[in-house]
Amino acid sequence: MVTKRALVCGAGGFIGSHLVKRLKKDGYWVRGADLKRPEFSPSPADEFLLLDLRMPEACAEAVRTGGAPVDEVFQLAADMGGMGFIHSAECEIMRNSALVNIHMIDQAASAGVKRYFFSSSACVYRDMAAGEEPLSEEDAYPALPDNEYGWEKLYAERMAMAYGRKYGLAVRLARFQNCYGPEGTWRGGREKAPAALCRKIAEASGGGTIEVWGDGTAMRAYTFVEDMVDGIVRLMASDLENGVNIGRPEYVSVDELIAIIADIAGKEIHLNHIAGPVGVKARNFTNDRIRSTGWTSRFSLRDGLAVTYPWIEAQVKAGR
Ligand code: NAD
């Protein structure tokens, strides 16, 4: 059997590092590329290139091995963070992520890569009201993303599709909902809500109070990283064109999310709701397309947090 050769861009990041582990288990030869190596455990990638993928020559180097193109590119590199980062670094996101996406698809197509995965986001959709009927993938148009991060993702999706049409490249576009799990960023300003809340609860004493951005009513779904990676692998192997939502359809408010984490931590926690960047009011998406690949979410929110909270608590205790 011929071993498939994959390039994972963003292999030093949260989802990319988990994807490398999965592809290695599946028998791939894997090259990781990123500005940095994974922070929390060594990468099992066969090769790891430290590259700034905003540069066309770096993308050209990443997509070729011994003069031939890799078989598959998984593009997960992005200048990325939670809502605090998304609202404070609009220019950096629009510039840096767009440059990576422009040059990576261009170099992959000209090298002759046959399959290309792009990690888009549920942020491509408009804001929703609580209780609204689910949006399907085509409801991304007419477009009205809530933030610049979403507009950049939409542009990058369209560019990848245009290259797919022109160069006969099979492009697969996943729109991730919030992803969480061990070995994700948990402090420093780029962490997302589940990690930030786990950290705050790990730092609080029982009966203590934590600050929470917004009024706690924003509705979201959260997907455990193993489920997300399984969705990526299934989507890449499928014949599904255009955007595909990947997310566990278990919607909770921010306050409900906190209650689950506090219960796992075994702590009574009081909440001080303060003004802060919250993002959209509600989310609700169909996931029929990804389910058609045989994908299903295996980790309930509680099961995923039962693995994630102890990992973050251990980081906090170790003072890392
Ligand atoms: P992450 O920040 O942990 O990983 C992104 C990686 O890209 C980082 O390791 C970073 O160093 C790398 N990178 C950034 N600029 C680069 C450059 N110029 N050259 C090389 N590498 C560069 O983020 P993540 O949570 O793993 O997200 C992966 C992808 O999934 C991103 O495209 C993100 O937008 C998308 N996404 C994530 C979520 C989520 O909840 N985590 C939700 C929707 C979409």
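Mentor: Seven strands make an open sheet, ordered 3-2-1-6-7-8-12, with parallel pairing. Strands (E, at least two residues) and helices (H or I, at least four) are DSSP runs numbered from the N terminus, and two strands pair if DSSP finds at least two bridges between them. It's a predicted model: local features need pLDDT of at least 70, side-chain atom pairs count only at pLDDT 80 or more, and totals for chains, interfaces and linings use all residues. Numbering starts from 1 along each chain as its sequence is written, and side-chain values use heavy atoms, leaving out hydrogens and water.

Trainee: Which strands stand at the edges?
Mentor: Strand 3 (47-50) and strand 12 (243-246); each has a single partner strand, so one side of each lacks a neighbour in the sheet.

Trainee: And how many bridges join strand 2 to strand 3?
Mentor: Four, with strand 2 covering residues 29-34 and the two running parallel. Gly32 sits opposite Phe48 in strand 3.

Trainee: What does helix 5 touch?
Mentor: Helix 5 (residues 148-167) packs on the sheet against strand 7 (115-121) and strand 8 (170-176). Contact means heavy atoms within 4.5 Å.

Trainee: New topic: which residues of helix 8 meet helix 10?
Mentor: Leu257, Ile260, Ile261, Asp263, Ile264 and Ala265 in helix 8 meet Leu301, Arg302, Leu305, Ala306 and Tyr309 in helix 10.

Key:
Axes fitted to C-alpha atoms, helices over the stretch in contact; angles between N-to-C directions.
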